[in-house]
Amino acid sequence: MSAAGPGRPSAHWRHRLAERGIDRQLILLVPALVFVIALFLYPFFYGLSLSFQPTDGGPFSDYARFFSDAYERGTIWITLRIALPAALLNVLAAVPIAYRMRGRFRGKRLVTTLLVVPITLGTVLTAQGLLNFLGPTGWFNRILLATHLVDEPVRLTHNYWGVFFSLVITGFPFAFLLVLSYLSGIDPTLERAAATLGADWRRRFTRITLPLLMPGLATTFCLTFVLAFSVFPSAVLVGNPAGETRVISLAAYQAAYEQYDYPYASAIAMIMGFVELVVIAVVLAARSRFYTGATGGKG
Amino acid sequence: MSAFSQLRLDGVSRRFGGQDALTDLDLTIETGEFIALLGPSGCGKSTALNCLAGLLPLTRGSIWQDERRIDTLPPERRGFGMVFQSYALFPHLTVRANIAFGLRMRRLPKEETRRRTAEAVRLVRLEDHVDKLPGQLSGGQQQRVAIARAVVFEPSLVLMDEPLSNLDAKLRLEMRTEIRRLHQSLGLTTVYVTHDQEEALSLADRLVVLREGRVQQIGSPRELHTRPANWHVADFMGYRNLWRGRVARRDGSRATVESSGQRLLGEAVGDFADHADVVVAVRPEDIRVDGAGETSNALSATIEVVEYQGRELAAEARTDTGQSLHLRTEQRIAPGDQVKLAIDPQRLLVYPAGATAETDRLADTPAATR
């Protein structure tokens, strides 16, 4: 290979660029780039700058307003109180089921389909079902009353529990699919090796599988947490939007579309994003303490 | 967990969805023995090993450790060490923690765990790597960790599932010596699964050859090397020259086989009578090219292909009757040479042919091709 011949002077620098990963295939990234800029970066920075331009007061006055009002400030806690346990339960419930479901067995596809179906339902349908099933005159309460386990209906809708159940129903399939793929990525021979070395199933799980699965569980937790933290429709439909399930996204909605105070709504949205980031940062910091390399499986 | 004087497999069988993977394996393992389970892939050798380890339940049969039945015990209560083909090292634990794992599971005192782990590390010469994770080691080093981990708690039996198959040729030879050395110095009873006959011959005290889930032969390396029980075992043990023939006359342990209108005298192995269909088996190194002057068991042939293999040459020759033969020789030969081949009657083994479908892939008698 001599240097570029007289007819094709461009060959030389093209090679050098290609070695640095710059070639024509970069064009394939353009749609993603456009998408991120138009639908995420632009709205984000627009909202961010809007949040510093309140209708009256200095640039930080809307933030100050949020934190000085206990009713507003409380929405952070209300949302965390729903989203953290729901995400945790989703992840914890997914582990044993996914553990049993890895590997091949008859009917696996059917069971997986049944577990994943709630994804396709959508929040409104789930809320409708919850109201019918768990409401004061729903089947669940009717059975409890008929069997005299309770004297009056148990309130499970239009309060904290309604939203919690809704988040579990819609969040579990995500958690399950993610945990299943992380578990499939762990070589089953490792557990067999631990068994021949004298570990019973409990120690095989706690010493081998769980440590290797932890990074995956942390990631799964973050994703289901984010989904749960932005809960909005179910907080209105099966919750108590004026009281115990007045979540932060609801506060932002009311600022924007009931008070038409866009800068204040933007400030709330920024606070919401910040809280999410803090939780994710904490979880990922904990995640980095675990082994995150190859685990020898097929995943 | 304690040492045993005898481990007995009694009719051990395993089926997978209606397919027999292993049928009626009877084997008695004496303490200190090195046993190789040998066979082509799918012969049931790994199945047998997993049944021994307790990783696969038996479909039929039983396993006895002296007078104690152990096939109903889960793997963690058998106390056998196992080396896996993929090593199966715990990726999140250091070399030291990997090796100490079995001792930790036995809840030994800390001091003893530390001492025995260090001993095992020294045994496999990994002192400089104890704090590394398995992912930072080479294949050979990982292999040594796997072996140390399996022997550190002094198991009554060590099981090895093709432990060398993922290594390159040079390392494989080194590790083979290493395994033999460990076995000699620790006196560990070992069951070793391999498809490599050379590996099995060089390592084991006793070989078990399996084919389609059934035991074909159990014997010492020498027995298997010089006198395979049937032509399938011969095929597997390096008898590359196999061809069909018909018995002209059987006389005790001697049989005269007719092939290509030529009569060859050989050693009869197994039951067959005059005029029976047989299979003839000869190792390449048992064919001599200096057969000029010999009157019996000699064949005229032309050398066709020669491969240089260091001290020896491997060659393919075609006899005047059209049959191709593999041979090895130290003599200098070249393609096109006319030679007289000779085979010692004791090294020409004659087996009953068995089912015709199985012999179909073998060369016909040269007489038939003419």
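Two strands are said to pair if DSSP finds at least two bridges between them; helices (H or I, at least four residues) and strands (E, at least two) are DSSP runs, numbered from the N terminus.

The model is predicted: local features need pLDDT of at least 70, side-chain atom pairs count only at pLDDT 80 or more, and totals for chains, interfaces and linings use all residues. Residues are numbered from 1 along each chain as its sequence is written, chains are lettered from A and ligands numbered from 1 in the order in which they are written, and side-chain values use heavy atoms, with hydrogens and water left out.

**Exercise 1. Trace the barrel of chain B, and state which strands form it.**

Solution.
Step 1. The strand order is E11-E12-E13-E20-E14 (chain B), a closed barrel of five strands with mixed pairing. From one strand to the next, the twist averages 55 degrees; angles run from 0 to 180 degrees between N-to-C directions, and axes are lines fitted to C-alpha atoms, for helices over the stretch in contact.
Step 2. Begin with E11 (residues 241–251) and E12 (residues 254–259) of chain B, which are antiparallel and share five bridges. Val247(B) has Val257(B) in E12(B) as its bridge partner.
Step 3. Continue to E13 (residues 262–268) and E20 (residues 349–352) of chain B, a parallel pair joined by two bridges. Here Val350(B) in E20(B) is opposite Ala268(B).
Step 4. Finish with E14 (residues 277–282) of chain B, which runs antiparallel to E20(B) and is joined to E20(B) by four bridges. Tyr351(B) in E20(B) is the bridge partner of Val279(B).

**Exercise 2. Describe the open sheet of chain B, and explain why one side of E2 and of E5 is left without a neighbour in the sheet.**

Solution.
Step 1. Four strands in the order E2-E1-E4-E5 (chain B) make up the open sheet, and their pairing is antiparallel.
Step 2. E2 (19–30) and E5 (68–69) of chain B are at the edges and have a single partner strand each, so each has one side without a neighbour in the sheet.
Step 3. E4 (residues 60–65) of chain B and E5(B) are antiparallel, with two bridges between them. One bridge partner pair is Trp64(B) and Arg69(B), the latter in E5(B).
Step 4. Helix H1 (residues 45–53) of chain B packs on this sheet and touches E1 (6–16), E2 and E4 of chain B, where contact means heavy atoms within 4.5 Å. The directions of H1(B) and E1(B) make about 120 degrees.

**Exercise 3. Follow helix H4 of chain A, and find at which residue the kink lies.**

Solution.
Step 1. At the start of H4(A), a side-chain oxygen of Asp69(A) comes to within 3.0 Å of the backbone nitrogen of Tyr71(A).
Step 2. H4 (residues 70–101) of chain A has 32 residues; its span from first to last C-alpha is 46 Å, close to the 46 Å expected at 1.5 Å a residue. The expected span is 1.5 Å times one less than the number of residues.
Step 3. The kink, of about 30 degrees, lies at Val95(A), shortly before the proline Pro96(A). The bend at a residue is the angle between axes fitted to the seven residues ending there and the seven starting there.
Step 4. Just after H4(A), Gly103(A) has a positive phi of about 80 degrees.

Methods
Polar contact = N/O pair within 3.5 Å; in protein donor to acceptor, adjacent residues only side chain to side chain.
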